[in-house]
4 protein chains.
Amino acid sequence: MENQATIRRLKTVEGHLRGVIRMVEEDAYCIDVIRQIQAIEAALNKVSVQILEGHLDACVTAAIQGSDKKERERVLKEITEVFEMSAKV
Amino acid sequence: MENQATIRRLKTVEGHLRGVIRMVEEDAYCIDVIRQIQAIEAALNKVSVQILEGHLDACVTAAIQGSDKKERERVLKEITEVFEMSAKV
Amino acid sequence: MENQATIRRLKTVEGHLRGVIRMVEEDAYCIDVIRQIQAIEAALNKVSVQILEGHLDACVTAAIQGSDKKERERVLKEITEVFEMSAKV
Amino acid sequence: MENQATIRRLKTVEGHLRGVIRMVEEDAYCIDVIRQIQAIEAALNKVSVQILEGHLDACVTAAIQGSDKKERERVLKEITEVFEMSAKV
(Lines give C-alpha, C1' and ligand atoms only; values in the text may rest on other atoms or scores of the structure.)
Protein backbone atom coordinates (compact mmCIF):
# COMPACT_ATOMS: atom_id res chain seq x y z
CA MET A 1 0.00 0.00 0.00
CA GLU A 2 2.60 2.46 1.15
CA ASN A 3 4.82 1.17 -1.64
CA GLN A 4 2.14 2.24 -4.11
CA ALA A 5 2.45 5.85 -2.93
CA THR A 6 6.24 5.72 -3.18
CA ILE A 7 6.11 4.24 -6.68
CA ARG A 8 3.65 6.90 -7.78
CA ARG A 9 5.90 9.67 -6.44
CA LEU A 10 9.01 8.20 -8.06
CA LYS A 11 7.19 7.90 -11.39
CA THR A 12 6.27 11.57 -11.14
CA VAL A 13 9.97 12.33 -10.60
CA GLU A 14 10.78 10.17 -13.63
CA GLY A 15 8.35 12.23 -15.73
CA HIS A 16 9.94 15.43 -14.42
CA LEU A 17 13.42 14.10 -15.28
CA ARG A 18 12.31 13.19 -18.81
CA GLY A 19 11.03 16.75 -19.13
CA VAL A 20 14.46 18.06 -18.14
CA ILE A 21 16.17 15.82 -20.72
CA ARG A 22 13.83 17.27 -23.34
CA MET A 23 14.72 20.80 -22.16
CA VAL A 24 18.41 20.07 -22.70
CA GLU A 25 17.70 18.51 -26.11
CA GLU A 26 15.83 21.67 -27.07
CA ASP A 27 18.75 23.75 -25.84
CA ALA A 28 16.97 25.40 -22.91
CA TYR A 29 18.68 28.09 -20.84
CA CYS A 30 21.29 26.50 -18.51
CA ILE A 31 20.00 28.14 -15.34
CA ASP A 32 16.46 26.93 -16.02
CA VAL A 33 17.80 23.38 -16.40
CA ILE A 34 19.74 23.65 -13.11
CA ARG A 35 16.62 24.91 -11.33
CA GLN A 36 14.59 21.97 -12.63
CA ILE A 37 17.32 19.54 -11.49
CA GLN A 38 17.20 21.17 -8.05
CA ALA A 39 13.42 20.75 -8.01
CA ILE A 40 13.87 17.05 -8.80
CA GLU A 41 16.35 16.73 -5.94
CA ALA A 42 13.89 18.39 -3.55
CA ALA A 43 11.20 15.91 -4.68
CA LEU A 44 13.59 12.98 -4.16
CA ASN A 45 14.37 14.27 -0.66
CA LYS A 46 10.67 14.17 0.14
CA VAL A 47 10.38 10.59 -1.09
CA SER A 48 13.36 9.59 1.11
CA VAL A 49 11.74 11.23 4.13
CA GLN A 50 8.52 9.32 3.54
CA ILE A 51 10.33 6.02 3.10
CA LEU A 52 12.31 6.64 6.30
CA GLU A 53 9.08 7.42 8.14
CA GLY A 54 7.58 4.08 7.18
CA HIS A 55 10.83 2.30 7.97
CA LEU A 56 11.00 3.77 11.48
CA ASP A 57 7.39 2.84 12.21
CA ALA A 58 7.76 -0.72 11.01
CA CYS A 59 11.23 -2.29 10.81
CA VAL A 60 13.02 -0.10 13.35
CA THR A 61 10.27 -0.39 15.94
CA ALA A 62 10.13 -4.18 15.47
CA ALA A 63 13.90 -4.52 15.72
CA ILE A 64 14.18 -2.39 18.85
CA GLN A 65 11.32 -4.20 20.53
CA GLY A 66 12.87 -7.53 19.53
CA SER A 67 15.42 -9.47 21.53
CA ASP A 68 18.23 -9.49 18.97
CA LYS A 69 20.82 -6.95 20.17
CA LYS A 70 22.89 -7.16 16.98
CA GLU A 71 19.82 -6.46 14.87
CA ARG A 72 18.90 -3.49 17.08
CA GLU A 73 22.36 -2.03 16.64
CA ARG A 74 22.26 -2.63 12.91
CA VAL A 75 19.00 -0.76 12.29
CA LEU A 76 20.12 2.18 14.42
CA LYS A 77 23.47 2.36 12.66
CA GLU A 78 21.68 2.51 9.31
CA ILE A 79 19.59 5.48 10.45
CA THR A 80 22.75 7.33 11.44
CA GLU A 81 24.34 6.50 8.09
CA VAL A 82 21.49 7.76 5.92
CA PHE A 83 21.26 10.88 8.12
CA GLU A 84 24.98 11.50 7.61
CA MET A 85 24.69 10.96 3.88
CA SER A 86 21.61 13.19 3.60
CA ALA A 87 23.71 16.19 4.57
CA LYS A 88 26.05 15.46 1.70
CA VAL A 89 23.71 15.16 -1.25
CA MET B 1 28.16 18.99 -28.21
CA GLU B 2 28.29 19.71 -24.54
CA ASN B 3 24.54 19.14 -24.47
CA GLN B 4 25.15 15.62 -25.72
CA ALA B 5 27.23 14.82 -22.63
CA THR B 6 24.55 16.32 -20.34
CA ILE B 7 21.80 14.34 -22.06
CA ARG B 8 23.81 11.14 -21.76
CA ARG B 9 24.35 11.72 -18.04
CA LEU B 10 20.70 12.55 -17.42
CA LYS B 11 19.64 9.41 -19.29
CA THR B 12 21.94 7.38 -17.06
CA VAL B 13 20.21 8.96 -14.05
CA GLU B 14 16.85 8.08 -15.62
CA GLY B 15 17.95 4.43 -15.89
CA HIS B 16 19.09 4.52 -12.27
CA LEU B 17 15.74 5.99 -11.20
CA ARG B 18 13.84 3.29 -13.09
CA GLY B 19 15.96 0.73 -11.24
CA VAL B 20 14.90 2.28 -7.94
CA ILE B 21 11.23 2.16 -8.93
CA ARG B 22 11.69 -1.54 -9.70
CA MET B 23 13.33 -2.03 -6.29
CA VAL B 24 10.29 -0.51 -4.57
CA GLU B 25 7.93 -2.62 -6.70
CA GLU B 26 9.86 -5.72 -5.62
CA ASP B 27 9.62 -4.58 -2.01
CA ALA B 28 13.35 -3.93 -1.46
CA TYR B 29 14.68 -2.99 1.96
CA CYS B 30 13.81 0.67 2.76
CA ILE B 31 17.34 1.73 3.65
CA ASP B 32 18.69 0.32 0.37
CA VAL B 33 16.10 2.37 -1.51
CA ILE B 34 17.03 5.54 0.40
CA ARG B 35 20.71 4.95 -0.37
CA GLN B 36 19.98 4.58 -4.08
CA ILE B 37 17.92 7.79 -4.02
CA GLN B 38 20.86 9.56 -2.37
CA ALA B 39 23.17 8.19 -5.10
CA ILE B 40 20.80 9.63 -7.72
CA GLU B 41 20.88 13.00 -5.98
CA ALA B 42 24.69 12.94 -5.94
CA ALA B 43 24.67 12.19 -9.68
CA LEU B 44 22.23 15.05 -10.31
CA ASN B 45 24.48 17.40 -8.34
CA LYS B 46 27.34 16.50 -10.64
CA VAL B 47 25.23 17.22 -13.72
CA SER B 48 24.30 20.63 -12.26
CA VAL B 49 27.95 21.43 -11.61
CA GLN B 50 28.86 20.58 -15.20
CA ILE B 51 26.00 22.64 -16.62
CA LEU B 52 27.02 25.59 -14.42
CA GLU B 53 30.61 25.25 -15.60
CA GLY B 54 29.57 25.53 -19.23
CA HIS B 55 27.22 28.40 -18.41
CA LEU B 56 29.96 30.41 -16.66
CA ASP B 57 32.37 29.90 -19.56
CA ALA B 58 29.87 30.89 -22.20
CA CYS B 59 26.83 32.97 -21.21
CA VAL B 60 28.20 34.58 -18.06
CA THR B 61 31.51 35.53 -19.64
CA ALA B 62 29.72 36.99 -22.68
CA ALA B 63 27.28 38.95 -20.50
CA ILE B 64 29.98 40.38 -18.24
CA GLN B 65 32.14 41.37 -21.19
CA GLY B 66 29.10 42.89 -22.88
CA SER B 67 27.89 46.45 -22.45
CA ASP B 68 24.44 45.70 -21.05
CA LYS B 69 24.61 46.44 -17.31
CA LYS B 70 21.13 44.99 -16.63
CA GLU B 71 22.10 41.76 -18.35
CA ARG B 72 25.34 41.57 -16.35
CA GLU B 73 23.42 41.97 -13.12
CA ARG B 74 20.87 39.40 -14.19
CA VAL B 75 23.37 36.62 -14.92
CA LEU B 76 25.24 37.25 -11.67
CA LYS B 77 22.02 37.23 -9.66
CA GLU B 78 21.11 33.86 -11.17
CA ILE B 79 24.45 32.38 -10.07
CA THR B 80 23.81 33.54 -6.53
CA GLU B 81 20.31 32.08 -6.63
CA VAL B 82 21.31 28.61 -7.80
CA PHE B 83 24.15 28.62 -5.25
CA GLU B 84 21.68 29.50 -2.52
CA MET B 85 19.27 26.81 -3.64
CA SER B 86 22.02 24.19 -3.94
CA ALA B 87 22.58 24.33 -0.19
CA LYS B 88 18.91 23.49 0.32
CA VAL B 89 18.46 20.41 -1.81
CA MET C 1 30.81 11.74 29.27
CA GLU C 2 29.53 11.78 25.74
CA ASN C 3 28.53 15.39 26.29
CA GLN C 4 32.17 16.19 27.00
CA ALA C 5 33.16 14.99 23.53
CA THR C 6 30.36 17.04 21.94
CA ILE C 7 31.35 20.16 23.88
CA ARG C 8 34.97 19.72 22.86
CA ARG C 9 34.01 19.40 19.20
CA LEU C 10 31.70 22.41 19.33
CA LYS C 11 34.44 24.49 20.97
CA THR C 12 36.79 23.51 18.15
CA VAL C 13 34.14 24.74 15.71
CA GLU C 14 33.87 27.97 17.71
CA GLY C 15 37.64 28.48 17.39
CA HIS C 16 37.38 27.82 13.66
CA LEU C 17 34.54 30.35 13.37
CA ARG C 18 36.54 32.98 15.25
CA GLY C 19 39.38 32.35 12.79
CA VAL C 20 36.97 33.02 9.91
CA ILE C 21 35.80 36.28 11.52
CA ARG C 22 39.45 37.33 11.77
CA MET C 23 39.94 36.43 8.08
CA VAL C 24 37.07 38.72 7.11
CA GLU C 25 38.41 41.50 9.36
CA GLU C 26 41.77 41.18 7.62
CA ASP C 27 40.01 41.33 4.26
CA ALA C 28 40.80 37.77 3.16
CA TYR C 29 39.87 36.55 -0.32
CA CYS C 30 36.10 35.89 -0.52
CA ILE C 31 36.38 32.37 -1.90
CA ASP C 32 38.77 31.37 0.91
CA VAL C 33 36.22 32.64 3.44
CA ILE C 34 33.40 30.68 1.76
CA ARG C 35 35.54 27.54 1.79
CA GLN C 36 36.23 27.93 5.51
CA ILE C 37 32.52 28.45 6.19
CA GLN C 38 31.81 25.24 4.24
CA ALA C 39 34.43 23.43 6.35
CA ILE C 40 32.66 24.66 9.51
CA GLU C 41 29.34 23.37 8.17
CA ALA C 42 30.90 19.97 7.45
CA ALA C 43 32.24 19.88 11.03
CA LEU C 44 28.80 20.80 12.40
CA ASN C 45 27.23 18.01 10.34
CA LYS C 46 29.59 15.55 12.00
CA VAL C 47 28.64 16.80 15.45
CA SER C 48 24.94 16.38 14.59
CA VAL C 49 25.55 12.83 13.40
CA GLN C 50 27.31 11.96 16.66
CA ILE C 51 24.57 13.50 18.78
CA LEU C 52 21.94 11.59 16.79
CA GLU C 53 23.89 8.37 17.25
CA GLY C 54 23.84 8.77 21.04
CA HIS C 55 20.19 9.78 20.95
CA LEU C 56 19.17 6.68 19.00
CA ASP C 57 21.08 4.38 21.34
CA ALA C 58 19.67 5.92 24.49
CA CYS C 59 16.40 7.89 24.31
CA VAL C 60 14.94 6.34 21.15
CA THR C 61 15.68 2.78 22.22
CA ALA C 62 14.18 3.44 25.68
CA ALA C 63 11.08 5.05 24.19
CA ILE C 64 10.46 2.28 21.68
CA GLN C 65 10.94 -0.42 24.29
CA GLY C 66 8.68 1.49 26.66
CA SER C 67 4.93 1.12 26.83
CA ASP C 68 3.97 4.70 26.01
CA LYS C 69 2.71 4.66 22.40
CA LYS C 70 2.51 8.47 22.18
CA GLU C 71 6.12 8.79 23.31
CA ARG C 72 7.22 6.17 20.78
CA GLU C 73 5.53 8.09 17.98
CA ARG C 74 7.02 11.36 19.20
CA VAL C 75 10.64 10.18 19.15
CA LEU C 76 10.25 8.60 15.72
CA LYS C 77 8.63 11.74 14.33
CA GLU C 78 11.57 13.79 15.57
CA ILE C 79 14.03 11.53 13.74
CA THR C 80 12.11 12.03 10.51
CA GLU C 81 12.06 15.79 11.08
CA VAL C 82 15.79 16.21 11.64
CA PHE C 83 16.45 13.93 8.66
CA GLU C 84 14.18 16.09 6.51
CA MET C 85 15.87 19.28 7.72
CA SER C 86 19.37 17.86 7.24
CA ALA C 87 18.81 17.73 3.51
CA LYS C 88 18.01 21.44 3.52
CA VAL C 89 20.98 22.91 5.36
CA MET D 1 31.71 48.31 4.46
CA GLU D 2 30.32 45.07 3.19
CA ASN D 3 32.84 43.29 5.39
CA GLN D 4 31.26 44.96 8.41
CA ALA D 5 27.92 43.32 7.62
CA THR D 6 29.58 39.92 7.16
CA ILE D 7 31.48 40.27 10.45
CA ARG D 8 28.29 41.25 12.26
CA ARG D 9 26.48 38.21 10.88
CA LEU D 10 29.31 35.83 11.73
CA LYS D 11 29.45 37.22 15.28
CA THR D 12 25.74 36.54 15.61
CA VAL D 13 26.41 32.96 14.52
CA GLU D 14 29.23 32.78 17.10
CA GLY D 15 26.78 33.86 19.82
CA HIS D 16 24.31 31.24 18.61
CA LEU D 17 27.03 28.58 18.69
CA ARG D 18 28.03 29.54 22.24
CA GLY D 19 24.38 29.17 23.21
CA VAL D 20 24.39 25.65 21.76
CA ILE D 21 27.54 24.75 23.74
CA ARG D 22 25.76 25.96 26.88
CA MET D 23 22.74 23.81 25.97
CA VAL D 24 24.96 20.72 25.75
CA GLU D 25 26.67 21.63 29.05
CA GLU D 26 23.26 21.87 30.67
CA ASP D 27 22.33 18.51 29.19
CA ALA D 28 19.62 19.76 26.83
CA TYR D 29 17.51 17.33 24.81
CA CYS D 30 19.55 15.90 21.89
CA ILE D 31 17.02 16.73 19.19
CA ASP D 32 16.83 20.36 20.35
CA VAL D 33 20.61 20.59 20.07
CA ILE D 34 20.57 19.10 16.55
CA ARG D 35 17.87 21.58 15.52
CA GLN D 36 19.94 24.51 16.80
CA ILE D 37 23.00 23.20 14.95
CA GLN D 38 20.89 23.00 11.77
CA ALA D 39 19.76 26.61 12.35
CA ILE D 40 23.41 27.66 12.62
CA GLU D 41 24.18 25.88 9.35
CA ALA D 42 21.28 27.67 7.65
CA ALA D 43 22.64 31.00 8.95
CA LEU D 44 26.15 30.15 7.67
CA ASN D 45 24.68 29.30 4.26
CA LYS D 46 23.15 32.77 4.12
CA VAL D 47 26.49 34.39 4.97
CA SER D 48 28.17 32.37 2.18
CA VAL D 49 25.53 33.48 -0.30
CA GLN D 50 26.07 37.12 0.62
CA ILE D 51 29.84 36.82 0.37
CA LEU D 52 29.50 35.15 -3.04
CA GLU D 53 27.18 37.92 -4.18
CA GLY D 54 29.77 40.58 -3.35
CA HIS D 55 32.52 38.48 -4.91
CA LEU D 56 30.64 38.11 -8.20
CA ASP D 57 29.92 41.84 -8.39
CA ALA D 58 33.48 42.86 -7.66
CA CYS D 59 36.30 40.36 -8.26
CA VAL D 60 34.61 38.13 -10.82
CA THR D 61 33.31 41.01 -12.89
CA ALA D 62 36.76 42.68 -12.84
CA ALA D 63 38.51 39.44 -13.80
CA ILE D 64 36.15 38.66 -16.66
CA GLN D 65 36.36 42.20 -18.03
CA GLY D 66 40.16 42.08 -17.66
CA SER D 67 42.55 40.82 -20.30
CA ASP D 68 44.15 38.00 -18.31
CA LYS D 69 42.66 34.76 -19.66
CA LYS D 70 44.25 32.61 -16.92
CA GLU D 71 42.76 34.85 -14.24
CA ARG D 72 39.33 34.68 -15.90
CA GLU D 73 39.47 30.91 -15.93
CA ARG D 74 40.63 30.83 -12.32
CA VAL D 75 37.75 32.89 -10.91
CA LEU D 76 35.18 30.90 -12.88
CA LYS D 77 36.66 27.60 -11.72
CA GLU D 78 36.41 28.77 -8.12
CA ILE D 79 32.70 29.54 -8.52
CA THR D 80 32.11 26.04 -9.85
CA GLU D 81 34.09 24.57 -6.94
CA VAL D 82 32.19 26.36 -4.17
CA PHE D 83 28.91 25.51 -5.91
CA GLU D 84 29.93 21.84 -6.02
CA MET D 85 30.95 21.91 -2.37
CA SER D 86 27.78 23.71 -1.30
CA ALA D 87 25.73 20.69 -2.28
CA LYS D 88 27.82 18.54 0.03
CA VAL D 89 27.67 20.46 3.29
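How far is the sulfur of Cys59(D) from the closest cysteine sulfur, and in which residue does that closest sulfur lie? The sulfur of Cys59(D) is 4.7 Å from that of Cys30(C), its closest cysteine sulfur, which is too far for a bond, a disulfide being a pair of cysteine sulfur atoms within 2.5 Å. This is a predicted model, in which local features need pLDDT of at least 70 and side-chain atom pairs count only at pLDDT 80 or more, while totals for chains, interfaces and linings use all residues. Residues are numbered from 1 along each chain as its sequence is written, chains are lettered from A and ligands numbered from 1 in the order in which they are written, and side-chain values use heavy atoms, with hydrogens and water left out.

**Overall form of chain A**

- Chain A holds three helices and zero strands, where helices (H or I, at least four residues) and strands (E, at least two) are DSSP runs numbered from the N terminus.
- Read from the N terminus on, the elements of chain A follow the order α-α-α. The radius of gyration of chain A is 18 Å, well over the 12 Å that the globule rule gives for 89 residues, so the chain is more spread out than a compact globule; the radius is taken over C-alpha atoms, and the rule is 2.2 Å times the number of residues to the power 0.38.
- Taken along the principal axes, the box filled by the C-alpha atoms of chain A is roughly 60 × 30 × 15 Å.
- Among contacts in chain A between residues at least 6 apart in sequence, 39% join residues at least 24 apart, a contact meaning heavy atoms within 4.5 Å.

**Surface and charge of chain A**

- Of the 89 residues of chain A, 48% count as buried; buried means under 20% relative accessible area, exposed over 50%, and partly exposed in between, with a 1.4 Å probe and protein chains only.
- Chain A exposes about 4,300 Å², of which carbon and sulfur atoms supply 51%; accessible areas come from the Shrake-Rupley method with a 1.4 Å probe, and for residues only the protein chains shown count as cover.
- There are 13 positive and 15 negative side chains in chain A, and the centres of the two sets lie 3 Å apart. Lys and Arg count as positive and Asp and Glu as negative, while His and the chain ends are not counted, and the place of a charge is taken as NZ of Lys, CZ of Arg, CG of Asp or CD of Glu.

**Cysteines**

- Over all chains, the count of disulfides comes to zero.
- The sulfur of Cys30(B) has its closest cysteine sulfur in Cys59(A), at 4.7 Å, which is too far for a bond.
- Cys59(D) counts as partly exposed, at 30% relative accessibility.

- Thr61(D), in helix α2 (residues 30–65) of chain D, counts as buried at 11% relative accessibility, and Thr61(D) touches Ile64(B), Leu76(B) and Leu56(D).
- Val24(A) is part of helix α1 (residues 2–25) of chain A and is buried at 5% relative accessibility; Val24(A) is in contact with Val33(A) as well as with Asn3(B), Thr6(B), Ile7(B) and Leu10(B).
- Val13(C) lies in helix α1 of chain C and is buried, with a relative accessible area of 6%; the residues that Val13(C) touches are Ile40(C), Ala43(C), Leu44(C) and Leu17(D).
- Ala87(C) belongs to the segment after α3 (69–86) of chain C and counts as buried at 6% relative accessibility, being in contact with Asn45(A), Ser86(A), Ala87(B), Lys88(B) and Val89(B).
- From C-alpha to C-alpha, Ala87(C) and Lys77(C) are 16 Å apart in space and ten residues apart in sequence.

**Loop residues with positive phi**

- Most residues other than glycine have a negative phi.
- Asp27(B), in the loop between α1 (2–25) and α2 (30–65) of chain B, has a positive phi near 65 degrees although this residue is not a glycine, and Asp27(B) is exposed, with a relative accessible area of 57%.
- Asp27(C), in the loop between α1 (2–25) and α2 (30–65) of chain C, likewise has a positive phi, of about 65 degrees, and Asp27(C) is exposed, with a relative accessible area of 56%.
- Val13(C) and Asp27(C) are 14 residues apart in sequence and 21 Å apart in space, C-alpha to C-alpha.

Definitions and conventions: Lists of a residue's contacts leave out its neighbours within four places in sequence.
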